[in-house]
Every structure is written in C-alpha cells, then in structure tokens.
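User: I would like to learn how to read ring and strand features in a model of this kind. Could we go through them one at a time?

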Amino acid sequence: MGTSHNDTCNSIALEICEFCMQNQIRLTATHLPGSCNVVAGRESRTLYKDAELNKQFKNYCSYWPDPEASHIDAFLIFWEKLNFYGFPPFSCLLKTLRKIIQERAKGIIVIPNWPTQDCFQQGLSYTSINTARSALSALLHRKDNTIPFGQLPLVKRFMKGIFELCPSFPRYEAVWDVNKVFDYFRQKCNVSDLSLKELSERLTTLLLLLSGQRSQTIHLLSIASMELSPTRCVFQVKEKVKQSRVGYHIAPIVYEEYPKEPALCILMHIKEYIKRTQKLRDPELSQLLISYVKPNKPVSRETIARWCKNVLKSAGIDTKRFSCHSTRAVSTSLAAEKSGDIDKIISSVGWSNAKTFQTFYKKPVEQTFNLGTIILNSLN
C-alpha cells in the first residue's frame, strides 16, 4: 500500500483500507498526471495569508478551504447565536450589515476609515448618492420603526443639499429624428449592393430601431431560435435579459416585411445577411450577428453598439450626445406618438409599467426652432 510521511493522512489511509477489506471492496491505485490535476495541485500548494491571520483566534471562519477553520464562508452560516468580531472588506459591508439585521446578530464590526471613498468627493452625481441612500434605508431601521432611514428629516435635507451642489439632469431632453437614418438608408436602396460591413451595421440598426430593444437583447438573437417566413421573422429570446424577472420574460421579437421600400425592409436585410454569412459561420454557434472580419466570431454587445453608432454618425447624428441606447427612446417615442397604444408598446418592449416609459424614454424629437433667429429674420 505504501506509506505517507504525514501521520494523519497515513492513519486515514489505513482506516479506509481496513474498511474496504472488511466489506470486500477492491481498491485500485491509479496515477493521475499533473497536467490532469492542475486545480487540486495548485490549491494543495497554496498558502493563504488570510488563513494565517485568522488562526490568531481559536474559532474562525475562512473564505477559502481551510482544514483548521470552524466554517467556510461566513455568509453560509447563521450568526444569531454568535458573539463575533468581523472586519469585512468594503465591497461586502452592506451585505454584512444586512445579515446582522436579518439574523439579529451581535458582534463587533470594524469599518475602514476611507476618506477618499466619500461619494460626493469622488464627483458622483445625485443619482449615485441617492442609490446609496436607498440601500441604507433598506438596511437600517429605527427601534420604533416609524420613519425609514431614507425619510428622516436630516437625511432629506442632506440630499437636497447634494442636489443643489451636484444636480442630476436627463442626458438629453429630446431625441434625434429617425427620418435622418431612414434617408441615409435610402441612398443605397439595393441591399445586395451593400458590402458585408455596411449590411451588418444597417441590419443591426434596424434590429434596434424596429424593436425598441436594448443592444443586450439584440446580441442574444439566434438563428436557432428564429422562425423565418416570407412575411415575418420571429426571434425567441431564450436567455435572461435585464427585463427578466420572476414569472416574466420578454415576448418574442417580431419583424415584419416592408415591401414598399426595400432599403427599409428588415426581412430583406435578414435574408441577405444570412445568405452572405452562411459559409462564414461556425456550425456550432448560432448567434445571428457575427464579425465581418476573420475569424468571423460572434460579436459582443459593445461591437453591436459601435456598429449602430457608426450608422448614426454617417446619418448626421451627433454621437457625442446620443449613444446606441438612444434608439430605444427614438422608436418607442415615435410609436407612442403614432399609435397612442402605450400598453402594447410596454408589452412589446418589456417594461413593467408605463412609468418607466414616461420618465426615461418618452422624448420629443429635437427641433431646429430658434427664437432668436426668427426675431432677427423678422427685422426689416
């Protein structure tokens, strides 16, 4: 059987051997090459300084596997009956406070004095600081449970002062005119005359504009979950997106043909794109949008956003002000203006209520009207 220089391991090996002999279990020792045992080999040779520091206490909890630790991962055990001492990293501070409140634990928490971490001194906006206020309001409660932390008069006055010093305004009050992009597409009506680069960028922009979806969702469109017919194309999004929540997932994304103008017909773009990229695709990958340069791998969300911004810039839209995400506000605002059916728009895009649309996405089209110019032109 061989021996071990470690008395504990040798004793365990003997117990296992005796147990197997008594129960007529046959064991066979097999050598496992180091190349096949990389993870376990590395972990067995790694000395964690955190464990060495924790060993100053008789009972301690380690983040990493430690044979001398009482527990592994403090967030997986109950703290209710513990009188503990903790020094959590800054990133785990709110999680630690939440667990203390939920389990009514008692102990000492050491919080670092980190002046440079002050939100306002870092130049964060009112919205960022207000998010921190909401987090604290969910964690901290008064003994009488009458007023939440975030609604205390002193906290409200503090937030008003933050707004005065560092106000938060919408990124833009109006959106660009979608006709600028459509007019740009009309300059090349024949889809087959487009290069693969132009076709990829135009298709991406149409996918965004005609669905009102995020670039994250367009990134998840797959040929495997696509139903293509002569008059429509339906995509089933089978992965979690930002709008996904318990009991809800976004509806299938439907694109319909527009035979009046081939330059704007998304079905013609999809069919041409699939035809052009068929030989370039990896058979094991089904993502719709792939790179137009070798090795033609599936593109990322950032690439999709860049393709869209290239089209917007070529169409004469200020991409320093408007990002790819502005297509979501453009399409939904235009649909609301033309149809007026807010409920169907919300259902199609995946919002939970109309307030999201009214607050963040409903924007008027940017006007070229200038009062001063009209006054000056009226002079004799």
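Predicted model: local features only at pLDDT ≥ 70, side-chain atom pairs only at ≥ 80, totals over all residues.

User: Which residues do ring pairs link into a cluster with W79?

Analyst: F75 and F84 are joined with W79 into a cluster by ring pairs.

User: How should I read a pair of aromatic rings, and how many aromatic pairs does a search of the whole structure find?

Analyst: A pair of aromatic rings is described by the distance of the centres and the angle of the planes. The search finds 8 aromatic pairs; one of them, Y184 with F185, is tilted, with 6.0 Å centre to centre and 45 degrees between the planes. Y184 counts as partly exposed because its relative accessibility is 28%, whereas F185, at 0%, counts as buried. The rings of F235 and Y255 have centres 6.1 Å apart and planes at 80 degrees, so this pair is edge-to-face. It links distant parts of the chain, F235 in strand β6 and Y255 in strand β7, 20 residues apart, and both F235 and Y255 are buried.

User: In what order do the strands of the open sheet run?

Analyst: Strands of a sheet pair through backbone hydrogen bonds, either parallel or antiparallel. Here 3 strands form an open sheet in the order β5-β6-β7, with antiparallel pairing; β5 (226–228) and β7 (253–256) are the edge strands, each pairing on one side only. Between β5 and β6 (residues 232–235) there are 3 bridges, and E227 stands opposite V234 in β6.

Conventions. Residues numbered from 1 in each chain as written. Heavy atoms only, no water. Pairing = 2+ DSSP bridges. Helix = DSSP H or I, 4+ residues; strand = E, 2+ residues; numbered from the N terminus. Phe/Tyr/Trp six-rings, centres within 6.5 Å; stacked < 30°, edge-to-face > 60°. Buried < 20%, exposed > 50% of the residue type's maximum accessible area, 1.4 Å probe, protein only.
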